[in-house]
Structure formats: C-alpha cells, structure tokens
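Have a look at the model first, then we'll go through the neighbours one by one.

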Amino acid sequence: MTLEEIFDIEAMNQAEIHLFRQGMFFRAFEKSCVALQRVAKYQILKKRAVGLGVEYIYSGFPCSVLEKVIGKRRFTFVEQDHVIVEAVGVGDEELARRKRETMFSVGLQNSAKPVAGSMLEPIAGLAAASCAKIEPAESQEARAEIVTEAESEVMSKQKTLMEMIRRFDVENADGQACRMLLGMIKSAL
C-alpha cells in the first residue's frame, strides 16, 4: 500500500488504529500513530514525504508482538498487511499538536550509545579517545562495556537482517514487497 493510500485511510479515520505491515514491522501513521501511542508507549517519529509534499508522523513495532500490543481490543485483518484495531478517536487538533511537538527523525539521532560499524563510528572513536585522557580507569571500563553492548546489538541486528533476507521469497514477491524489504534494510543500516 502506498503512503498516499495510507493518508487517504487516515483522513477518514474516526476511532481506529490502522496498522500496516512493512517488512517485519507493523506501522501506524498519523491519527493511528497517536492512538497507538496511547495504548503502547512507542516513540513517535516524523518524516517528510517529498513526492507528496507532506510531513507525517508514524510509529511501529515488530510483527511478532502484535498480539501483545493489541491486548484484548477487537481487531480485524482487512488484508494480510492491514489490521484495524478498535481504539479511542484522535481529533485533528490533537494530531496537529503531536506533529508540531515531534522532531524529524534522522538516522541515529536518538541513539544514546555510539554504534559500532556506523558512519558515526570515527566520531565516536575520537570522542572516546579524547575522554580517555581525563576519565579514571573505572569510567574507561564502563565505556568499553557500553561499546561492547553496542557491538553485540549491531551483530544481532545483522543476523536478523541476514535471516530476513534468506527467508524472503524474491521469486514470488511483488514490487511493493521488494521495496519494503529494501527500505527496511536501508533503515537498519
């Protein structure tokens, strides 16, 4: 489903959470995103759809936790990639306020730890080297543990991506599914 189609659905949304499957994630956009944030405190992100000339907010979670997120709410699978969950409505004013409050998401801006293997690694390395001159040994050990945790997190994500790529049925997939897979890989890198 295209963003334009999703925005059309959201424009008519009165009191539901529309979840759209994109790769291994379910995503909620606009009013559904705000309603989802009431139910499960997932971070709201903001992007600009350049081709459409609009800014939008969205949130998401792994498909594997759908039942946990939905809880005991009534839901309907409209299609395999579209789920509608019963929720309390979100007004246009609340949506506009949340859009104003949400900053644009850019790469790793919300990351608290340096991530090994990223484009920021040389900068993080310089920062760690400059801090090492003034930090006590205990602090240096703590920093090493954080970097080790970040490296293992990156390796875990790499394994997940590799498994997802292996399981993807490229011969029977349509163009949209391939674009979603590439988009997910791109966002993970």
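Helix α2 is mostly covered, with 8 of its 10 residues buried. Keep in mind that this is a predicted model. The buried set in α2 consists of E30, K31, S32, C33, V34, A35, L36 and Q37, and these residues pack against α1, β1, β2, β4, α3 and α4.

**Against α1**

- Helix α1 covers residues 3-12 and α2 covers residues 30-39; their axes come within 7 Å and cross at roughly 65 degrees.
- That angle makes α1 roughly perpendicular to α2, because 65 to 115 degrees counts as roughly perpendicular.
- On the α1 side the contact uses F7, E10 and A11, and on the α2 side E30, K31 and S32.
- Sorted by class, this contact of α1 with α2 has 3 charged, 2 nonpolar and 1 polar residues.

**Against α4**

- Helix α4 (residues 92-101) and α2 have axes that come within 10 Å and cross at roughly 85 degrees, so α2 is roughly perpendicular to α4.
- From α2, the residues E30, K31, V34, Q37 and R38 meet D92, E94, L95, R98 and K99 of α4.

**Two arginines to look at**

- R98 belongs to helix α4 and counts as buried, because its relative accessibility is 16% and the cut-off for buried is under 20%.
- Which residue's side chain does R98 reach with a polar contact? The partner is the side chain of Q37, at 3.3 Å.
- Leaving out residues up to four places away in sequence, R98 touches V34, Q37, I44 and I57.
- R38 sits in helix α2, and its relative accessible area of 35% makes R38 partly exposed.
- The side chains of R38 and E94 are joined by a polar contact of 2.5 Å.
- Besides E94, R38 touches V88, G89 and V90, again not counting residues up to four places away in sequence.
- R38 and V88 are 50 residues apart along the chain, yet their C-alpha atoms are separated by 9.1 Å.

- Most residues other than glycine have a negative phi.
- E30 isn't a glycine, but has a positive phi of about 50 degrees.
- E30 lies in helix α2 and is buried, with a relative accessible area of 9%.

**The nonpolar cores**

- In soluble globular proteins, nonpolar side chains tend to be buried together.
- The largest nonpolar core has 21 residues, and I17, L19, F26 and F61 touch the most other members.
- Elements giving two or more residues to this core are β1 (16-22), β2 (25-29), α2, β4 (54-62), α3 (66-70) and β6 (82-86).
- Which of these elements gives the most to this core? That's α2, with 4 residues.

Key
Residues are numbered from 1 along each chain as its sequence is written. This is a predicted model: local features need pLDDT of at least 70, side-chain atom pairs count only at pLDDT 80 or more; totals for chains, interfaces and linings use all residues. Side-chain values use heavy atoms; hydrogens and water are left out. Axes are lines fitted to C-alpha atoms, for helices over the stretch in contact, and angles run from 0 to 180 degrees between N-to-C directions. Angles under 35 degrees count as roughly parallel, over 145 as roughly antiparallel, 65 to 115 as roughly perpendicular and the rest as oblique. Contact means heavy atoms within 4.5 Å. Ala, Val, Leu, Ile, Met, Phe, Trp, Tyr, Cys and Pro count as nonpolar, Asp, Glu, Lys and Arg as charged, and the others, Gly among them, as polar. Buried means under 20% relative accessible area, exposed over 50%, partly exposed in between (1.4 Å probe, protein chains only). A polar contact is a pair of N or O atoms within 3.5 Å; within protein, one must be able to donate a hydrogen and the other to accept it, and residues adjacent in sequence count only if both atoms are side-chain atoms. A nonpolar core is a set of buried Ala, Val, Leu, Ile, Met, Phe, Trp, Tyr and Cys residues joined through side-chain atoms within 4.5 Å.
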